[in-house]
Amino acid sequence: MSPELVLTQLLNGVQFGVLLFLMAAGLTLVFGIMNFINLAHGSLYMMGAYFAALAYGKTDSFLLAIAAGTLGLFALAVALDRLALSALHRRDHLDQVLATFGLVLFANEAVRLFWGSTPLFMDVPAWLSGPVQLLGFNYPAYRGAIIAVGLLVALGLHLLIDRTRVGMLIRAGASNRDMVSALGVNIGWLTTFIFALGAALAGLAGAMVGPMMSIQSGMGEPVLILTLVVIVIGGIGSIRGALLGALIVGIADTLGRGVLPVLLYRLFDPAVAAAAGPALASVGVYLLMAAVLALRPQGLFPVRHT
Amino acid sequence: MSMLFPPRPAQGRTRKALIAGLLSLAGLAAGAAEVTIGFLGTLSGPAAALGQDQYDGFMLALEQKGGKLGGAAVKLIREDDQLKPDLGVQLVRKLIEKDKVDLVTGVTFSNVMMAVARPLAEAGVPFVGSNAGPAPLAGKQCNAHFFFTSFQNDSQAEVLGQYATDRGFRKMLLLAPNYQSGKDQVLGFKRYYKGTVAGEIYTQLNQPDYSAELAQMQAIAPDAVFAFFPGGMGVNFVKQMSQAGLLGKVPVLTVSTVDGTTLPALKDSALGVLAGAVWGPDLPGAGNAAFAEAFERKYGRIPSQYAAQAFDAALLIDSALARTQGAAADKAALRAALKAADFPSLRPGFKFGSNGFPQQDLHVFEVAKDARGRVSLKKIATPLPALRDAYAAECALR
């Protein structure tokens, strides 16, 4: 196995991690600050992809499609939070799990009802369509663009939360919700904003995977599971934790699939390697999560309360 | 409140009841036979596109026959197994015991098929499968009541094995999801492939991202690739292969990956991908062209092979009921009439083997633009004509 292959796989892992970060950032904010478990976060990602594909079908413009996925989800989330979810904010976690799981089923059947069972189509814009040569491997330019966008979002979130007044309120709300409310801040609208911000990021992730993946009912669930793993590993409520956790999970998952089987073939006979490789690759990320939970239950990069 | 509108609903109900009574009497007077058919398929969840196409294909044939099959008015009861074998069993029991169906048709996935095979066999209800074709039911557990207008699961991989051998691909990389069907497909491919297997990659079921596998593919540099990624997995795999610039360079031989249900989401990005299949919209015959056109007019999309197989299932039932003069009570007679396969199949030369599975031509298709410039499947070869499936010899039926 050449070092070039390992490097390429690392890059693939970073790209997958960046995508997971967009999902995890929203989920961890909502969970960490609003203390609200939202299993329907994967459905928001799916809706982002659908909104983008629909806009793409109408306008043929990739940038408009991305905007539709992101802003459309922001608007959808505001409506959703005001109409339905705000009633759940103060209920216990089990009620939230039950209600948002119901939303997952509802969303999956709703998209089938409106747009059919056949996956929708969305394409990469011409200026990002080709592969670039990297270390002798074809690397899709589009994946490079995803990495860039993800890192820009990470920077933007950092500035928003650490440098702005809204960010200050968000941090204050995370520490003591009642006190912020007593100081005259409308905490209801603040939480709605956080929820919508998280949804917009999930929508952005969904819109950006549209050209790479099948836009169909149920596409959010496999991603949601990995996202939950990310925030457990990274530390719940922490944006930094979400970013680093996402990169760790993305790289671990990709190396588990891309490098581990090759190593196993070297070490064991093919029959053993063929059986063990996929099995280990599929549980690798969860083993990592179990190890983190055992050694550092608060996650690797928890929120620092100062 | 009750005083406000008391008489009207009662009047309406009475009128409806009268009309219904008259209609049913009229039916009796005409002496028309009626058959009840249960349709079981996966109609919700991520894999619903396949079951929906089966249902639409069946209903198109039924509509063309004026709601009758073999002269008998058809009462169709539609059930959704949600891709859950235990639910499938419950629904089949309900169809048999409560609805007293004369026939059962449909069934999308093999795990559901294996589960419902037992209640169907115990009740002795004739079954016409229009997609799932698991190996045990073609071999040791074959059943005289079961007929399949689809194909034995391995066949579409077998034809690609033969095609790869014919094309002289010496070094192949095989990819499939890590579950039973994935392993069956790889086995089927290897049954007819004479070259070297450079690697077998088993991915997670419903894996969204294939970058790691594509990097491995480039490192191995095979002559061609065999891939089985049904549904959304196929869309992900083909799109990502195309974006990595690999599609033009490495021939991709696929099963259930590019078909009528995924091509609308792939469009030009799948051009050049090869597929092993039993049916395509460009197969010869006036019936096939008329079917493709009628389906598209009604549903606004190019039919998939699942729709074609179910259309054939309806035509088969039509031919059998015509032989029995619309009577379904005599199960032995109905079975013999089904077995004759005396119907104008969309696939020329269609006939049943001793195990109730078809002996049919297995083709290789290429994703290409059709006459109207749309992305569709074009037949390029028929490496295994009149193929008898690999398990027929194990079936005790003669």
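Ala221(B) is found in the loop that links H8 and strand S9 (224-228) of chain B, where helices (H or I, at least four residues) and strands (E, at least two) are DSSP runs numbered from the N terminus. The phi of Ala221(B) is near 50 degrees, a positive value in a residue other than glycine. With 11 other C-beta atoms within 10 Å, Ala221(B) is exposed; a residue is termed buried if 20 or more other C-beta atoms lie within 10 Å of its own, exposed if 12 or fewer, and partly exposed in between, with C-beta atoms placed from the backbone.

The model is predicted, and local features need pLDDT of at least 70, side-chain atom pairs count only at pLDDT 80 or more, and totals for chains, interfaces and linings use all residues. Residues are numbered from 1 along each chain as its sequence is written, while chains are lettered from A and ligands numbered from 1 in the order in which they are written.

A positive phi in a residue other than glycine also occurs at Asn206(B), with a value near 65 degrees. Asn206(B) lies in the loop between strand S8 (196-203) and helix H8 (211-220) of chain B, and Asn206(B) is partly exposed, having 17 other C-beta atoms within 10 Å.

Strand S13 (residues 358-369) of chain B pairs in the antiparallel sense with strand S11 (residues 274-277) of chain B over 4 bridges, two strands being taken to pair if DSSP finds at least two bridges between them. Within this pairing, Ala275(B) has Phe365(B) as its bridge partner in S13(B). S13(B) is also paired with strand S12 (residues 351-352) of chain B, again in the antiparallel sense, over 2 bridges, with Phe352(B) standing opposite Pro358(B). S12(B) and S13(B) form a hairpin with 5 residues between them, and Gly356(B) in the turn has a positive phi of about 85 degrees.

Strand S14 (residues 375-387) of chain B runs antiparallel to S13(B), to which it is joined by 8 bridges. In this pairing Val364(B) stands opposite Ala381(B), and Gln360(B) stands opposite Leu387(B). The hairpin formed by S13(B) and S14(B) has 5 residues between the strands, and Gly373(B) in the turn has a positive phi of about 80 degrees.

Chain B also contains an open sheet of 6 strands with mixed pairing, in the order S2-S3-S1-S4-S5-S6. Its edge strands, each of which pairs on one side only, are strand S2 (68-69) and strand S6 (146-148) of chain B. S2(B) is joined by 2 bridges to strand S3 (residues 72-80) of chain B, and the two run antiparallel; the bridge partner of Lys68(B) in S3(B) is Ala73(B). Helix H2 (residues 48-64) of chain B packs on the sheet, touching strand S1 (34-41), S2, S3 and strand S4 (103-106) of chain B, and its direction makes about 160 degrees with that of S1(B). For such angles, axes are lines fitted to C-alpha atoms, for helices over the stretch in contact, and values run from 0 to 180 degrees between N-to-C directions.

Between the chains, 40 residues of chain A are in contact with 36 residues of chain B, contact meaning that the C-beta atoms of two residues, placed from the backbone, lie within 7 Å. Among the elements that each supply at least two residues to the side of chain A that touches chain B are helix H4 (93-115), strand S2 (137-140) and helix H12 (270-295) of chain A, while H1(A) gives the most, with 6 residues. The residues of this side divide into 19 nonpolar, 16 polar and 5 charged, where Ala, Val, Leu, Ile, Met, Phe, Trp, Tyr, Cys and Pro count as nonpolar, Asp, Glu, Lys and Arg as charged, and the others, Gly among them, as polar.
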